[in-house]
Amino acid sequence: MTTSIAGETRREEMRRLVRRWGRRGDMHDRFERTIVSDSERHQRRTRFGMSLTHVFLTVTLVIAGLGPILWLAKSAVTPTQDTLQQPFALWPNGIDWQNLSTAWNDIHIDQYFFNTIVIALGAWFTQLFIATTAGYALSVLRPRYAPVLSALVLATLFIPGIVLLVPLYLTIVNPPLLGDVSLLNNYLAVWLPMGANAFNILLVKRFFDNLPREVFEAAKTDGAGPFRLFWSIVLPMSKPILGVVSVFAIIAAWKDYLWPMLVLPDPAVQPLSVRLPAVQSQTELDVFLAALAIATLIPIAMFLLFQSVFLRSAGLGGAVKG
């Protein structure tokens, strides 16, 4: 009897809600919606307001994100006087394609571009190698002291980089165990410090922690050793995180200024990030802007190439499930 009374009470309460809110579907939408319900989306006023908001946000993001890049591309082939007098006009006196060839040949952008590529590739390899091997050791091999090592690696993130600048420079000038050999003007002076990146190590370790352990156990049962497990099982399953670390490594090496300037004092081996500020005062504005536009090609290409990797890696925890 009590159960039937309670059921009747719930049904009566549901009828009151239906009468208050209208149809059941509309009532369901009101309880399940976030900001705008499905029924409100069908209203002309709501659709117009949402469309106007979407257009405003899209235009704002395009102007804020692509605006500076598009202006730089336009100014790279615009004469200096037009850029100074009418900075937002589209080539009032024509396009000057000669700026690009002058920047490439006279400022020796080709040489500095090659130096930057060498530095970026070396930094990419060292960071990827150290991050994957260290993450594999801490996450998959898991020695007894792995928690202590993880804590020490994490602790290095709390040390400001500027604090390590002087001791690191002295180590490069007089590296231990190498006698009087100096690494100044040697690309190893840039590659090796960049390789010890605690953020990348912890990022890769976190990804490896979510890999299915059943696969590892099956590979060990089939006789796979630690190296075979790392090379044939772990790395092929870790393409998303390898792409993310690769982009981080290359972009960081491409834009780094202070450390390459200190350890590469010879202009012949310096990258674009160091040489472009040095030649700015001796170069025409249009030619300098053309050089800047050339320098941005690789970062833009890297983003376009790996943007899907970033989107897929937004939730790294479940990237390999299933």
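What we have is a predicted model, so to speak of local features we need pLDDT of at least 70, and side-chain atom pairs count only at pLDDT 80 or more, while totals for chains, interfaces and linings use all residues. Residues are numbered from 1 along each chain as its sequence is written, and side-chain values use heavy atoms, with hydrogens and water left out.

A pocket here is an open set of points on a 1 Å grid over the protein atoms alone, where a 1.4 Å probe fits, with protein on both sides within 12 Å along at least five of seven lines; lining residues have an atom within 4 Å of a point.

Helices are DSSP runs of H or I, at least four residues, numbered from the N terminus. Those supplying at least two lining residues each include α7 (109-141), α9 (165-173) and α14 (239-255). α11 gives the most, 3 residues. By class, we have 17 nonpolar, 4 polar and 2 charged. Nonpolar covers Ala, Val, Leu, Ile, Met, Phe, Trp, Tyr, Cys and Pro; charged covers Asp, Glu, Lys and Arg; the others, including Gly, are polar.

Of its 13 lining residues, Phe129, Thr132, Phe230, Trp231 and Leu235 are closest to the centre. α7 contributes the largest share, 7 residues. This lining has 10 nonpolar and 3 polar residues, and no charged ones.
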